[in-house]
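Here are my notes on this model, point by point. Please read them with the structure open.

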Amino acid sequence: MPTPQPPVAAVRPHSTTHHGVTITDDYAWLKDPAYPVVSDPEILAHVEAENAWFEANMAPLKPLTDTIYAELKGRVKQDDASVPVKDGAHEYWWQFAPGAQYRTWLRRPLGGDEQVILDEPALAAGHDYFRLAGSSVSPDGRLLAYATDTDGSERFTLKIRDLATGADIETVTSASVGVPVWAADSASLAWTEVNDNWRRFRIRLHRLGQPEDTTLYEEIEDKGFGVGVGRSQDRAWFVIATSDHVTSEVRLVPTAAPDTPPLLVRPRQPGVAYDVDVRGDTIFIRTNDTHVNFRLATAAIPAPGDWRELVPGSDQDYITGFRAFASYLAIQGRRDGLDQIRLRRDDGSETLVPFPEASYSVGIGANLEPDAPLLRLGYTSMVTPATVFDYDVATGLLITRKVQVVPSGYDAGQYATERLVVTARDGARVPVSIVYKQGFPRDGSGRVHLYGYGAYGIAMSPAFSAGRLSLLDRGIAYAIAHIRGGDDMGYQWYLDGKLEKRTNAFTDFVDAARGLIAAGWAREGNISASGGSAGGELMGAVINSDPGLWRAVVADVPFVDVLNTMLDDSLPLTPGEWPEWGNPITDKAAFDLIRSYSPYDNVTAQDYPPLLVTAGLNDPRVTYWEPAKWVAKLRARKTDSNILLLKTNMGAGHGGKSGRFAALEEQAEEYAFILAQFGLADAAAG
């Protein structure tokens, strides 16, 4: 059998002109015109050739990959289970059977016998990919609505199951996303519909036994907006939200009377985001209308647009979310970049929930009932495994319900974590969280892996990872750069890394790496890096700007063809992405800026570091041709002999393989690739 060679994609120039500028794309042909169906034989042959090249180059690393996979699997509790959550007359939880890739969902009457309500392994049987979008039990406890995806396209089939018999009694649709929400009478449910372009455009109401669904709300005004539906904490209202990345609008429909015309809380106003919860006749609103870090306000149901301030906005306290429980508000936020949970009572008194470490991540967990005298929380830190707490509101005590078990063993005392602050080139102070094994050298001789994302206002929490121990135990420190574009340091931190300030995210990441070098953590060329999706765009930008800084780079499902994607408004997500990146179709300044940093457009004849790229053929978020085109262009232009690999999952989407162990196989491959580039493959294989 001939040895696979690096695939060389055919060059077929395709030119377009925008704002008087002609752009030539040599690899535009890799986009199948029939997408989302990918059936062009030449395109498939090229993708398969890249996969063969990946397999050939990873084959020598198989002993290391197998060793790491065994380590990763050994840190997974085979019969893991969640902490039960009470909802009415039952409590609900999930568990894994030993060796199972997927969860089994159960319930039991309080004090009664358990019942399997959903068996994911049975549903996944015969499929290479499986994902449960979510499930919801009807208020009367008789029915289960659940939605599944078996190809990674994120178009979920919604079914209804009779829990008494275990039989599915209706298939509602094969074009849903999100979790379905039941009406109060258990006879109808609301669900979110996607169109052929994977746009969340409509909320539908399905009545049991009826062939035609009615429309609760359809987003007609702006095709850049997507809709979703949830339920207020008091269960009295469907909460229908429509938004892009910066502007939102909410409508309320009574769950007891879903035929009621939706109640608009307040009309959309460009740049103003808000979300709501309801308790009785009071609407609680979190909004950035008067302060960038959000405030809380209230309104009466009869006058939903008349907002009265409850908690003012603050430069110090960033409000990220809240729940309106019957006896208090649980407010989630961040102070100086550190997560906080505070409880506010109707008399204005507040309690700050205490936590045991100086740096950690915490969030409000599953609390299904209208009130939560025991508030369920999820907690972790870089050295503390995931922990489930119940906070006793009456006594102020934190009750530990579960601590993540690492079956192969974990001694937190062998590791340490620090939070550094690096001064970026424009004076911004960028936090970096780092975890390492005790004894890590600080003389520049060490090795560091640096992770980043930096987009959409999504913070990268300093959380525990059992898998990460495979790097730490081999002498590699793991760092997270909390760069602009995320909201780690407040909403302004997000605004300072998007649109015309987008390049701040890239320079922050480079400056974080140089800050680690200056502090003695590593030398230039001894830092590996990784990021996925928008974080993959970050990887593409920093290897263009500073290729010699990195020992190796992993770019998962990377959003690298930014300009072409933002110029194509027929793609599923493009119109909704313009508030994040800019609209280069109508705005020449946005066109020029995106063109200046788009990783694909800025590949040049220079040395690049070793690079591993992943993609999903069915990915609706970052289409497969973005990484395929990028790798083709890199292979044609780079001047080095460093390894360049592309792996495309042929039956998966944005998240890669499904199943808890299958996902570990891909993590093991990426860790083996990184270790090999550090020259640690032989010594680390075990």
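1. Terms and source. Helices (H or I, at least four residues) and strands (E, at least two) are DSSP runs, numbered from the N terminus. The model is predicted: local features need pLDDT of at least 70, side-chain atom pairs count only at pLDDT 80 or more, and totals for chains, interfaces and linings use all residues. Residues are numbered from 1 along each chain as its sequence is written, and side-chain values use heavy atoms, with hydrogens and water left out.

2. Gln414. This residue sits in the loop between strand S29 (398-403) and strand S30 (415-423). Its relative accessible area is 33%, so Gln414 is partly exposed. On the scale used here, buried means under 20% relative accessible area, exposed over 50%, and partly exposed in between (1.4 Å probe, protein chains only). Leaving aside neighbours within four places in sequence, Gln414 is in contact with Tyr436, Lys437 and Gln438. Contact means heavy atoms within 4.5 Å. Gln414 and Pro627 are 213 residues apart in sequence and 38 Å apart in space, C-alpha to C-alpha.

3. Ser530. Look in strand S34 (residues 527-532) for Ser530. Ser530 counts as buried because its relative accessibility is 9%. Its side chain makes a polar contact with the side chain of His449, at 2.8 Å. A polar contact is a pair of N or O atoms within 3.5 Å; within protein, one must be able to donate a hydrogen and the other to accept it, and residues adjacent in sequence count only if both atoms are side-chain atoms. Beyond four places in sequence, the contacts of Ser530 include Leu450, Tyr451, Met539 and Val554.

4. Salt bridges across the sequence. A search of the whole structure finds 51 salt bridges. Each is a side-chain nitrogen of Lys or Arg within 4 Å of a carboxyl oxygen of Asp or Glu. Lys223 and Asp569 form one of them, at 3.9 Å, N to O. Lys223 lies in the loop between strand S13 (214-218) and strand S14 (226-231), and Asp569 in the loop between helix H8 (562-566) and helix H9 (574-581), so the pair ties together parts that are 346 residues apart in sequence. Lys223 is partly exposed at 47%, and Asp569 is partly exposed at 35%.

5. Arg131 and Glu154. Their side chains meet in a salt bridge at 3.6 Å, N to O. Arg131 is partly exposed, at 35% relative accessibility, whereas Glu154 is buried, at 5%.

6. A network. Glu219, Glu221, Glu249, Arg251 and Arg268 are linked by salt bridges. Within this group, the closest N and O atoms of Arg251 and Glu249 are 2.7 Å apart. Both Arg251 and Glu249 are buried.

7. Cavities. How many cavities of 30 Å³ or more does the search find? There are five. On a 1 Å grid over the protein atoms alone, a cavity is a set of points where a 1.4 Å probe fits but cannot get out; lining residues have an atom within 4 Å of a point. Volume is the space filled by probe spheres set on the points, which are joined across faces, edges and corners. Among the residues lining the largest cavity are Arg334, Asp339, Arg419, His482 and Asp488.

8. Second largest cavity. Its volume is about 60 Å³. Strand S23 gives the largest share of the lining, four residues. Residues in this lining include Asp317, Ile331, Arg334 and Arg342.

Conventions. 1 Å grid on protein atoms, 1.4 Å probe; cavity = no way out; pocket = protein on both sides within 12 Å on 5 of 7 lines; lining within 4 Å.
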